[in-house]
Structures are given as C-alpha cells and as structure tokens.
Amino acid sequence: MRSNFLHTAVVAVATSLPAAYAWGAAGHEIVATIAQVHLPKPVLSLVCDILNPNLNLSTSTSSTEEAFPPCHLSSIASWADSIRMRPQYRYTAPMHYVNAVDDAPPHSCPFPGTHGWQGRPTGNILAAIGNVTNVLRDFAKGERTVGDAEEALKFLVHWMGDMHQPLHMSGREKGGNGVRVAWNGRVTNLHSVWDGLLIAQALRLTPRKYSHPLPGSEGALVEPHLRGAIYDPYVRRIMHEGLSVGGRFDTESDGWLDCPSTASYSEPLSKASAAASGIASSSAVGYALQLLGLGSSEAVQSLLDLDFAAAFGLTTRPGVEKEWDDAVLCPYAWARPIHALNCDADLPIWPHGLDAPGEHELEGWHEVPYDVVDFLDMSLLDGVPGGAKAQAGGRPRHPELLELDTPEYAGRIASGWVVERLLAQGGVRLAGVLTDIFADVAGIEGEYAKV
C-alpha cells in the first residue's frame with residue numbers, strides 16, 4: 001500500500017506531461033535526473049539545503065524561478081562509488097548489491113531460496129536502503145544532524161540506482177563481473193555491458209530531435225533539470241516517450257510505488273533440517289547456549305540446524321527480507337521482478353549462451369576502455385584494435401566469446417525498452433521516497449494536492 005499523497009505527489013508530474021545514466025556514473029546520473037524532474041519544488045529545495053547547508057536555499061527570499069533548480073542531484077549520484085574504498089567507508093562495499101546463495105541464472109533465480117542470503121542481515125543493498133531512509137526520516141523529525149542527512153541522502157540516491165541494475169541483484173559470478181563476453185568484438189564482462197555499454201549504445205541511437213529542448217509544458221518541467229550532459233537527449237526521450245501521458249510506461253508507472261503487505265511474502269523455512277538431524281530446535285541445549293553467552297538466538301538456532309554458514313554470519317537465513325520493507329518503502333518487493341529478469345523466459349539478462357565452454361582468458365585480449373562504460377565516450381571504440389572499424393566486414397575478433405552486441409541480445413533489449421524502464425523506475429521510486437520523507441517538513445501536502 002502507499003499513501004494517497006505519495007501517489008499524487010509523484011504521479012502528478014508525469015500525468016501533467018502532454019502525450020506525445022548499478023550503473024556506471026552516467027546511469028546513476030540519469031536516474032537522479034529523472035527523480036529530480038519528479039520532485040515537487042519545495043522538496044527539491046529542502047533536499048538541496050541538505051546538500052548545500054550553507055546556502056539555506058529552501059528559505060531564500062530570492063525569486064523561486066530565478067533560483068530553480070537550486071542544485072542537481074546528478075552531481076552526487078556516484079559519490080557512493082567514489083568513497084567505497086576509503087578506510088572509513090569500506091564497510092559499505094557489500095551494500096551496493098544483494099546475493100541470494102542459491103541464485104543460478106539463467107536457469108534458476110530463487111530470491112532468496114532455501115539457503116538465504118550471502119552476508120549479514122544488514123550487509124546488503126536492500127537493508128541499506130531502509131537504513132539510510134530511516135536516517136532521513138529521523139532528520140525530518142529533528143532527531144539527526146544535517147551532516148547525517150547529507151551522507152544518507154548521497155547513499156540513497158546511489159543505491160536506488162544500483163537496485164535497478166539487475167546484475168546487482170544476482171549472486172552468480174559477482175553479478176556477472178567474472179563472466180567474459182564480447183561487445184562489438186572487444187572483451188568486456190557481462191556486468192559492464194549492463195553498467196554502461198547498453199546505455200552508451202542507446203545514447204548513440206537516440207533520435208536527433210532529442211538534441212533540442214522539449215517544447216511547451218513538457219519542456220518547462222524537464223529542461224530546467226538538464227545541465228548539458230551527454231545523456232540529456234536520452235533523458236528527454238525517456239520522459240517524452242516513456243513517462244508522458246500515453247507513453248510506454250504511462251499506465252504501469254502508477255504502480256511503481258506500491259508496496260504489498262509483508263504478510264504476502266513467503267514464510268521463513270521450517271526447521272526441517274533440525275528435525276531431520278534429530279535435534280530439537282527448542283531444546284534445553286539451545287537455551288543453555290544462550291545463557292552461557294555463546295551466541296544470539298538466531299545464531300544458536302543456526303548451529304542447532306547445522307547451518308554453520310548462517311551461525312558464523314557468512315549467510316543470513318531466509319525470512320529476514322520482511323524486515324527490509326514497510327508500507328511506503330519496500331526495496332525487497334521492488335527488487336524481486338528486477339532480479340527475475342536474469343531468468344526471464346523470453347530474454348534472460350543472463351544469456352543461456354554463457355553456459356557454453358570457452359570462457360578462458362587468452363593473451364592479447366583488448367579490454368573495453370573504462371571510460372566507455374562509465375562516461376559513454378564512444379569515440380574510444382573507433383579505430384582501436386577490436387573496435388567498430390576493425391570489425392567492419394571482418395570475422396569476429398573473439399569467436400570463443402559470446403558476442404552480446406547483436407540483434408538477438410542488445411537489439412531485443414533496446415526494442416523492449418528494458419534499460420529505459422529500469423532507469424525510469426529508479427528515478428520515479430527515488431522521487432517517491434524523498435517526497436514521502438520530506439512532504440510534511442516542506443509543507444506541501446495541501447499545495448500539491450491542487451496540482
């Protein structure tokens with residue numbers, strides 16, 4: 001369920017449009033830009049106050065129109081990646097993804113399955129989104145400092161983007177980082193294809209008309225939030241063809257903020273393993289271990305069930321996902337269909353061809369340059385070994401690898417607007433969460449209901 005106000009606040013912008021960039025840095029910036037377009041002005045001003053506390057933007061007496069927008073969320077969208085290897089932030093490294101122990105795409109995608117989740121209950125992206133959201137909620141109630149809120153906001157903007165990259169939801173081969181594939185004849189990995197190469201291709205194929213500002217009321221809503229980035233035409237296209245009235249996502253986007261009751265989730269597994277081993281899970285042995293201070297009740301139960309990985313914190317037993325969701329923010333519920341794309345019957349994101357032999361490293365491979373993935377610098381693919389010009393009219397440079405820049409894979413993903421839907425979902429949901437948190441503080445409920 002979601003509040004009527006949250007539904008109104010986020011959908012109103014999209015419905016007022018006329019018919020008509022984990023991701024690498026670009027993907028995250030695209031998600032943040034789409035979110036910003038959907039934020040009510042008072043909420044955006046408050047969010048910008050958090051990011052720029054010395055400017056006091058939300059209470060400025062200067063003209064609202066002259067000062068709008070007061071900041072760009074895209075400028076901080078990749079902050080969480082830039083700091084993750086600093087000593088004080090290394091604990092956040094596993095919070096960019098979630099891995100189900102039994103995940104085995106493209107054939108089987110349990111989420112989580114009988115063996116639960118890798119890592120501790122709070123050490124994954126779904127739990128982390130809830131944690132930083134709670135920090136922002138506490139800030140809105142005056143219980144946290146602006147410094148706490150600034151850090152939490154930067155994490156939330158980034159992690160909401162990561163959650164909508166399907167391979168950040170998969171535990172196989174580190175989300176595809178360990179699987180080599182070919183892209184336009186050059187060696188890369190499956191994760192990089194989804195982090196940036198598909199977006200780079202989509203940008204190249206964006207119709208020229210989107211290089212110009214959108215006209216009319218649609219342009220008035222979208223254009224102020226663009227800042228001359230290489231992906232601006234792509235954002236325009238997603239907004240116009242995807243999220244406008246009559247667009248591809250017009251009807252379905254109404255439900256992107258819905259949160260089901262956690263009672264509808266699968267129940268935790270029974271204690272069958274303990275019963276099979278002849279150990280009573282509620283026996284005096286477990287109670288005695290707890291009294292002796294030899295572990296939490298969950299850890300003791302895992303020992304009694306002979307689930308040693310869970311007992312020592314290497315995995316988390318299924319059922320904990322209920323604690324990650326509430327009536328307004330439900331990252332687990334939102335992530336389930338995103339994860340399922342890895343096993344999609346029609347076009348699995350994890351191609352069946354990757355199960356074929358031949359994924360071994362060969363001397364002389366040319367990696368796709370990092371800047372292609374992260375900053376969409378497609379010029380780096382021209383005139384270099386294995387690049388587009390080297391491929392023209394010749395045999396594939398690496399026939400032993402599965403080529404993904406093909407009509408059968410990349411072409412079908414493009415025609416189905418798979419990437420665009422995920423980017424749009426990430427933006428709309430980020431806007432919805434921020435609006436719900438700050439609506440009362442910004443004093444917009446009555447005002448926004450009139451839109």
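Which residues form one aromatic cluster with Trp79? Tyr89, Phe155 and Trp159 do, together with Trp79. Before going on, note that this is a predicted model, where local features need pLDDT of at least 70, side-chain atom pairs count only at pLDDT 80 or more, and totals for chains, interfaces and linings use all residues. Residues are numbered from 1 along each chain as its sequence is written, and side-chain values use heavy atoms, with hydrogens and water left out.

**Aromatic pairs**

The structure holds 10 aromatic pairs. Rings of Phe, Tyr and Trp (its six-membered ring) pair if their centres lie within 6.5 Å; planes under 30 degrees apart count as stacked, over 60 as edge-to-face and the rest as tilted. Here are two of the pairs:

| Pair | Centre to centre | Between the planes | Type |
|---|---|---|---|
| Trp79 and Tyr89 | 5.6 Å | 80° | edge-to-face |
| Phe249 and Trp256 | 5.7 Å | 50° | tilted |

Helices (H or I, at least four residues) and strands (E, at least two) are DSSP runs, numbered from the N terminus.

Trp79 has 19% relative accessibility, so it counts as buried. Buried means under 20% relative accessible area, with exposed over 50% and partly exposed in between (1.4 Å probe, protein chains only). Tyr89 counts as buried too, at 13%. Over in the other pair, Phe249 and Trp256 are both buried.

Now for helix α7 (residues 146-163) and helix α20 (residues 418-442): their axes come within 9 Å and cross at roughly 150°. Axes are lines fitted to C-alpha atoms, for helices over the stretch in contact, and angles run from 0 to 180 degrees between N-to-C directions. α7 and α20 are therefore roughly antiparallel to each other, a label for angles over 145 degrees.

Leu153, Leu156, Val157 and Met160 of α7 make the contact with Gly426, Arg429, Leu430, Val433 and Leu434 of α20; contact means heavy atoms within 4.5 Å. An α-helix has 3.6 residues a turn, so residues three or four places apart point the same way.

**An enclosed helix**

What about helix α16 (residues 331-340)? Because 7 of its 10 residues are buried, α16 is largely enclosed by the rest of the structure. The buried ones are Pro331, Tyr332, Ala333, Trp334, Ala335, Ile338 and His339. They pack against β1, α6 (125-140), α7 and α20.

Notes:
Parallel < 35°, antiparallel > 145°, perpendicular 65-115°, else oblique.
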